[in-house]
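Q: I have this model open and would like to go through it. Can we start with the sheet?

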Amino acid sequence: MLEVKNLSLKFGEKKVIDNISLQVEKGKILGIIGPSGVGKTSLIRALVGIYEGDLGQVLVDGENLYDNSSAKKKIAYVPDEHNSFSLIKLADIVEFYRSIYPKFNENKFNKINKIFKIPLEKRFFQLSKGMKVRVNLMLAFSIGGEYLVLDEPTSGLDPILKEKVLKLIIREVQKFGAGVIISSHHLDELERVCDNIIIIDNGKIAYHNSLEEMKKNIKKIQVAFEAPIYEEDLDIEGIFSITHLGRVFTIITDRYDEDFKNKLNKFNPLFIEEINLSLEEVFIYKLDKGDNYEEIFK
């Protein structure tokens with residue numbers, strides 16, 4: 001298990017990670033999402049042992065990760081920036097990885113390259129951003145890591161290559177039992193592959209649930225009432241957004257269970273319509289602070 005326990009991290013006076021705990025088991029995929037600048041990349045770098053927290057710890061199968069080379073070899077990391085190797089030829093990069101990772105599988109690397117088609121005689125700086133992403137993904141898939149930590153792994157890839165990368169990630173989980181953490185702004189992709197989702201906001205976990213439970217419990221409800229009903233009347237636990245147009249109310253709740261339905265039915269609704277939300281919609285409803293655009297543009 002890759003585990004974060006009560007991790008906090010400061011840069012100067014700014015706390016970029018604030019008491020975060022999470023875990024990913026082998027054979028599972030965890031998605032980390034959040035607005036830009038809220039601490040996702042700092043968390044990812046702590047997860048792979050680049051940053052050491054001021055408080056808390058990161059554990060790999062019970063071992064402290066930071067400054068632990070044997071534990072770090074269990075983790076394959078794809079960063080969001082891809083300029084690490086600069087002037088080095090790709091063939092030399094492969095040789096370097098083979099020398100430091102005992103489980104590096106060059107045959108697997110070459111098989112994946114039949115899909116990605118990267119010329120190994122080129123130097124790293126000569127590659128496009130999308131090609132650099134592919135090289136780092138091939139290396140990550142080939143080192144024999146038990147955990148994959150991927151920061152924006154499909155950035156710069158066309159739709160066909162994105163699909164191939166997602167299939168490779170799923171294959172690593174299903175065939176080799178890897179545990180995967182993905183940070184991405186492409187929420188539709190995470191929705192397809194993740195078992196669990198964490199939303200980060202201002203360095204803290206704003207929401208954490210399995211994708212299955214999220215889809216089950218977070219709903220948009222449209223409901224109409226015959227009798228006059230006001231927003232303040234609908235004081236039901238679990239509502240985090242409510243608007244209305246005439247007698248039709250639109251409610252967003254993250255606790256759409258039998259108790260919620262029973263409380264809503266006490267108001268004798270004319271109809272109740274349940275609407276499933278995408279991960280992107282959940283993200284927006286959870287974090288949107290309701291900016292007053294009329295005030296901004298008047």
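Predicted model: local features only at pLDDT ≥ 70, side-chain atom pairs only at ≥ 80, totals over all residues.

Q: What order do the strands of the open sheet of four have?
A: The order is β12-β13-β11-β14, with antiparallel pairing. Strands here are DSSP E runs of at least two residues and helices are H or I runs of at least four, numbered from the N terminus; two strands pair if DSSP finds at least two bridges between them.

Q: Which strands stand at the edges?
A: β12 (239-245) and β14 (269-276); each has a single partner strand, so one side of each has no neighbour in the sheet.

Q: How many bridges join β11 to β13?
A: Six, between residues 219-225 and 248-253. One of the pairs is Ile221 in β11 with Ile251 in β13.

Q: New topic: which residues touch the most other members of the largest nonpolar core?
A: Phe116 and Leu137, in a core of 53 residues. A nonpolar core is a set of buried Ala, Val, Leu, Ile, Met, Phe, Trp, Tyr and Cys residues joined through side-chain atoms within 4.5 Å; buried means under 20% relative accessible area, with a 1.4 Å probe and protein chains only.

Q: Which helix gives the largest share of this core?
A: Helix α5 (residues 129-142), with eight residues.

Definitions and conventions:
Residues numbered from 1 in each chain as written. Heavy atoms only, no water. Buried < 20%, exposed > 50% of the residue type's maximum accessible area, 1.4 Å probe, protein only.
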